[in-house]
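Student: Can you walk me through the side-chain contacts in this one? I'd like plain numbers and the cut-offs behind them.

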Amino acid sequence: MRWPYHLQCFNCHTKYLTQTTNYRCEKCSGPLEVRFQISQRTIPWKKRSFSVWKYRELLPINSDRFITTLAEGGTGLHHCERLGHEIGLKRLYVKNEGENPTGSFKDRGMTVAMSKARELGKSKVVCASTGNTAASLAAYSARGGLQCIVIVPEGKVAAGKMLQVMIHGARIFQVKGGFDQAMAAVVKLTESRKRFYLMNSLNPFRLEGQKTLAFEVCDQLGDETPDTLVLPVGNGGNISAIWKGFGEFRELGITKTRPRMIGIQAENAAPLAEAIKRKQESIQPVTNPRTIASAIRIGSPVNWMKVLRAISESDGTAEIVSDREILTAQNDLASKEGIFVEPASAASIAGLRKCVDAGRIDRSDLVVCVTTGHGLKDPSIANLIRRPQSYTLNITQPVWVERLERIL
Ligand code: F0G
């Protein structure tokens, strides 16, 4: 059983056929989204194990034949008591999306978008990327047998992500400038040449996979909804997808409430957070975004409209963090909780700390912080971290055990 669905403009509500390959409204250029006609029915979700496809009734795929998977979803929701206590929270959970197959949350969306691309008969898929989308698309293209084209900002993608793109056999095109220029190129290519299928978060089917994070968090909390969800924001696809997911679970009557959504951006790359702080209804793009968190080094987020609405509907907010705050948070999470995340992901912890200190998050809240990508993806921070003292051990000498003991 699957619920019927259609595509609809997020802005002017014009409806489109589900098999369309457009991702923008023909009337107003607004972003499209998938809308399910949810009817109250009990689905045996509890009996199924954790996975994006556990929630297949709420995913826009017409036939299981095309499902392309690497076992995504089912990531840990870790109760971080030590770090929570230090920040001043009793109930802090980290939803660690770095545990996905290619090491980032993108896999949740990519399994659905790739399945849809195959269902639509596509053979060439393309994305612009700061690295993780490209790594994920490259892997799922290999899995699904499609040709993968990635357009990335030259010299600005973390080494681990670039390695993933290469080993999975993607065709790589580098452009001068940053992510925003790469994104504009991909939009131009896919709008003028329909045989190239766009797999960025403008693709409404991809966001459907990403919304499963909301379902999974509620499931893992025993059908409880967090009070507050904190996550890093770049292009804004993830925060809007997750907000949609919380809405669908509430519509189904599984949960009663939805969390406040708090989006974190990096200093000098924070057009959304700036707009929210100034209570503006649209964003002012940042022309030359700069931050150590290369994954969210984005000045002109394509999903800005969805983000502003998600934050406002949820009574949420946004926060801006510096590179230093990001690196401190990355180190805290790794050394106090054993969770190693990339700088963009650590921005969520840094922002959480700031919001709690400023009294913008209640200390009694059940807070879920989403960490979006694995730390090994970006080894460039190796020379920025505090190095522990290391010793040379001459184990040919008989007294080496005593020496080691003396040091400790
Ligand atoms: N965290 C990480 C690790 C990311 O890679 C991204 C986005 C984000 C957060 C922000 O998510 O764009 O949905 O708001 N990375 C994209 C990429 C841009 O190309 O990999 P968003």
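Student: What should I know about the source first?

Tutor: This is a predicted model, so local features need pLDDT of at least 70 and side-chain atom pairs count only at pLDDT 80 or more, while totals for chains, interfaces and linings use all residues. Residues are numbered from 1 along each chain as its sequence is written, and side-chain values use heavy atoms, with hydrogens and water left out.

Student: How many aromatic pairs does the structure hold?

Tutor: There are six aromatic pairs. Rings of Phe, Tyr and Trp (its six-membered ring) pair if their centres lie within 6.5 Å; planes under 30 degrees apart count as stacked, over 60 as edge-to-face and the rest as tilted. One of the six is Y5 with F36, a tilted pair at 5.4 Å centre to centre and 45° between the planes.

Student: Where do Y5 and F36 sit in the chain?

Tutor: Y5 is in strand β1 (residues 5-9) and F36 in strand β3 (residues 32-36), so the pair links distant parts of the chain, 31 residues apart. Helices (H or I, at least four residues) and strands (E, at least two) are DSSP runs, numbered from the N terminus.

Student: Are those two buried or exposed?

Tutor: Y5 is buried, at a relative accessible area of 13%, and F36 is buried at 9%. Buried means under 20% relative accessible area, exposed over 50%, partly exposed in between (1.4 Å probe, protein chains only).

Student: What about W45 and F249?

Tutor: Their ring centres are 5.7 Å apart and the planes meet at 35°, so the pair is tilted. W45 is buried at 7% relative accessibility, and F249 is buried at 1%.

Student: Which residues do ring pairs link into a cluster?

Tutor: The cluster is made up of W45, Y55, F215 and F249.

Student: Which charges sit over a ring?

Tutor: The charged end of K54 sits over the ring of F50, 4.4 Å from its centre. R309 lies over the face of F10, at 3.9 Å from the ring centre. The criterion is NZ of Lys or CZ of Arg within 6 Å of the ring centre and within 35 degrees of the ring normal.

Student: Switching to the ligand: how many residues surround it?

Tutor: The ligand is surrounded by 20 residues, and the closest are S129, T130, N235, G236 and T372. A residue is included if one of its heavy atoms lies within 4 Å.

Student: Which backbone atoms are 2.8 Å from a ligand oxygen?

Tutor: A polar backbone atom of G234 is 2.8 Å from an oxygen atom of the ligand. The 2.8 Å distance to a ligand oxygen also applies to a polar backbone atom of G236 and to one of N238.

Student: How much of the ligand does the protein bury?

Tutor: The protein buries 99% of the 470 Å² that the ligand exposes when taken alone. Those areas come from the Shrake-Rupley method with a 1.4 Å probe; for residues, only the protein chains shown count as cover.

Student: Where is E97, and what does its side chain contact?

Tutor: E97 is in the loop between β5 (91-96) and α2 (106-119), and is buried at 0% relative accessible area. A polar contact of 2.6 Å joins the side chains of E97 and R108. A polar contact is a pair of N or O atoms within 3.5 Å; within protein, one must be able to donate a hydrogen and the other to accept it, and residues adjacent in sequence count only if both atoms are side-chain atoms.

Student: Last one: where does H6 lie?

Tutor: H6 lies in strand β1 and is buried at 16%. The C-alpha atoms of H6 and Q37 are separated by 8.4 Å, with the two residues 31 apart along the chain.
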